[in-house]
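Welcome! Please open the structure in your viewer, and let's walk through it one selection at a time.

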Amino acid sequence: MKAFLLLITLHFMVATGYSGPIDSLQTLEEVRRFITTLGGHVANVDTFLKTDLDNNGLADLIVKGDPLTIVMNSNSAGDKLHYVYPPGFASEYLLMGVDSSGGQQQLLLKTSKKKKYLHYSQKRIPENNKDTALREAQPIDTLVYRFNGFIEYNAAPPRYKIKSVRLATTTCLGTCPEYNLVVNSDRTADYNAGYYTGKSGHFTGIIDERSFNELMQLIDYIHVQSLSENYAIEATDYPTAILKVIFEDGQEKLIQDYGMRGTHGLRALYHFIDKLRSSQEWIWDRKIK
């Protein structure tokens, strides 16, 4: 039987055997002040718990509020604030519990429509059953802390043989960076930088071995072949991500994601590739014509 830390009857839970600033938090007001010191803000805090989500021996903080807020505790990097949202802007996560039965703790989350958007989704549901029906219809999302963020849990990631991965992004009504970045299986990379990227032009480089291996592991973990080919948010003036993975056997996976919020795993992948633009050494080749 799976073991869950259920939040329904808990105001807080103090994990034992941990150390760090999170361990001293005892009240909701202390939690709110602590989040503020990290530069964050969370409203309607009514429950929190402490547990080790990444198995590093330190207590992490889960705050049930608006939005769902998690502080990961690390000796080397300090406390890192995460807001955990569903892919849609009109929804929020309800924390149902934490599955502690496996090797890594998993967040059990249910998507719920935000109150101000409920009237858009309730037209065909009887008035007295609207809220209950909408909540029960949503599946449970199971997220784990991997690759410096929260992504969908995968018990058995495949092992892909990848020839290249390409991410192209478009501009938006704002300063969203426009670029096209390709990483090949030999770690060579090609980067075309357009608007809002700092220095535009064509660049080449070699991805360091550690970053390359982590990129391949991330693609495996999110099981990219199983994902949909099209995602879109219900909003306007947002950027689009076009992801293309070419496998050694000649197969290709193309994903177009308007809003860049298709899945938690895809968001983690976009963020990882985007960071390569600043974390790697690039050689300017020529201007884009």
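This is a predicted model, so start by colouring it by confidence: the average pLDDT for the protein is 86, and 83% of the residues score at least 70.

Select residues 6-18, where pLDDT stays under 50 and the model has 30 contacts beyond four places in sequence. Next, select residues 117-136; pLDDT stays under 50 here too, with 17 contacts beyond four places in sequence. Where pLDDT is low, the predicted coordinates should not be read in detail.

**Stop two: a run of paired strands.** Select β7 (residues 106-113) together with β8 (residues 140-146), and you will see an antiparallel pair with four bridges. To find one of the links, click on Lys110, whose bridge partner in β8 is Ile140. β8 and β9 make a hairpin with two residues between them, and Phe147 in the turn has a positive phi of about 55 degrees.

**Stop three: the largest pocket.** Which residues lie nearest the centre of the largest pocket? Select Asn148, Arg267, Ala268, His271 and Phe272 to see them, out of 32 lining residues. The volume of this pocket is about 880 Å³. Finally, colour the lining by class: 15 residues are nonpolar, ten polar and seven charged.

Note on methods. Residues are numbered from 1 along each chain as its sequence is written. This is a predicted model: local features need pLDDT of at least 70, side-chain atom pairs count only at pLDDT 80 or more; totals for chains, interfaces and linings use all residues. Side-chain values use heavy atoms; hydrogens and water are left out. pLDDT is the predictor's confidence in each residue, from 0 to 100. Contact means heavy atoms within 4.5 Å. On a 1 Å grid over the protein atoms alone, a cavity is a set of points where a 1.4 Å probe fits but cannot get out, and a pocket is an open set with protein on both sides within 12 Å along at least five of seven lines; lining residues have an atom within 4 Å of a point. Grid points are joined across faces, edges and corners, and a volume is the space filled by probe spheres set on the points. Ala, Val, Leu, Ile, Met, Phe, Trp, Tyr, Cys and Pro count as nonpolar, Asp, Glu, Lys and Arg as charged, and the others, Gly among them, as polar. Two strands pair if DSSP finds at least two bridges between them.
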